[in-house]
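I open this notebook to record what I looked up in one structure. The entries follow the order in which I consulted it.

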Amino acid sequence: MVYNQPTPSSEDHRGTSHHPGRVVTLIERSHYDSIVPPSTPPPSYRVWGAAYHIPQEHVKEVQEYLDIREINGYSIQYTPFQPAAHEEKPVEKCMVYIGLPSNPQFLGPQDLDRLAARIWRCKGPSGENRDYLFMLAEALKGFGGGAEDEHVEELAKRTRKTGLDSGEDGATLGDQLPIEVAIEQFSSATSDQKGTEEIAKQ
């Protein structure tokens, strides 16, 4: 069981070492229960995403690239993957990069308003931290079937309000793109596409 939470800091993509941004990770239920108060209602029991088949001749190249790209806060884990079309065969062992609580970049639960303020102002080599959040929210909507994440949606709402309260325009890249384009751009910004073929959406 895994959940989607914006808990790791990002010093190499959506922030810097002096002003780390925030990105999301998947959290196993056992880890989630250990970092939140017992009275906290559990989030959705389903996490949506896209799985990619990597042809054998590209496996080494792609993993070497991902190992470098995900070095700042993520570790390789494996999880089952159920395609949205249930007649398709489940993937029993899908490789994912997860930010574990034992990693120094893992920050745990954070106050949403303070988190929104940080996301609004942070920027790194991969772009504005807020665009990452807004494109993620739009990409999840694009999956359909209830894929929206309440925590991500609320954080995006508060981040936009932070911009408006500061006198800046609360609309950024993620708001200006059609959903299908947001999905494509978020995938391009967060997933290696070379030598991969999308096989399913959970």
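Predicted model: local features only at pLDDT ≥ 70, side-chain atom pairs only at ≥ 80, totals over all residues.

Entry 1, a charged network. I looked up the salt bridges, counting a side-chain nitrogen of Lys or Arg within 4 Å of a carboxyl oxygen of Asp or Glu. I found Asp113, Glu154 and Arg158 linked in a network of such bridges. Between the side chains of Glu154 and Arg158, the N to O distance is 2.7 Å. These two residues are four apart in helix 5, and therefore about one helical turn separates them. For burial I used relative accessible area: buried is under 20%, exposed is over 50%, and partly exposed is in between, with a 1.4 Å probe and protein chains only. Glu154 counts as partly exposed at 27% relative accessibility, and Arg158 is partly exposed with a relative accessible area of 27%.

Residues are numbered from 1 along each chain as its sequence is written, and side-chain values use heavy atoms, with hydrogens and water left out.

How many salt bridges does the structure hold? I recorded six. One of them joins Asp165 to Lys161, with the closest N and O atoms 2.7 Å apart. Both residues lie in helix 5, four residues apart, about one turn of the helix. Asp165 is exposed, its relative accessible area being 56%. Arg69 and Glu70 also meet through their side chains in a salt bridge, at 2.1 Å from N to O, and both of these residues are buried.

Of the 202 residues in the chain, 42% are buried.

I took a core to be a set of buried Ala, Val, Leu, Ile, Met, Phe, Trp, Tyr and Cys residues joined through side-chain atoms within 4.5 Å. The largest has 20 residues, and Leu133, Val152 and Leu155 have the most contacts inside it. At least two residues of this core come from each of helix 2 (59-69), helix 3 (112-121), helix 4 (129-143) and helix 5 (150-165). Helix 4 gives the most, with six residues. Which residues does Val152 contact, leaving aside its neighbours within four places in sequence? With contact meaning heavy atoms within 4.5 Å, I found Leu133, Leu136, Ala137 and Leu140.

Twelve of the 15 residues of helix 4 are buried, so the helix is largely enclosed by the rest of the structure. The buried residues include Asn129, Arg130 and Asp131. I noted that Gly144 follows helix 4 and has a positive phi, near 70 degrees.

I located Ala116 in helix 3. Is this residue buried or exposed? Ala116 counts as buried, because its relative accessibility is 0%. Leaving aside neighbours within four places in sequence, Ala116 is in contact with Leu155, Arg158, Thr159 and Thr162. Ala116 and Lys157 stand 41 residues apart in sequence, and their C-alpha atoms are 8.7 Å apart in space.
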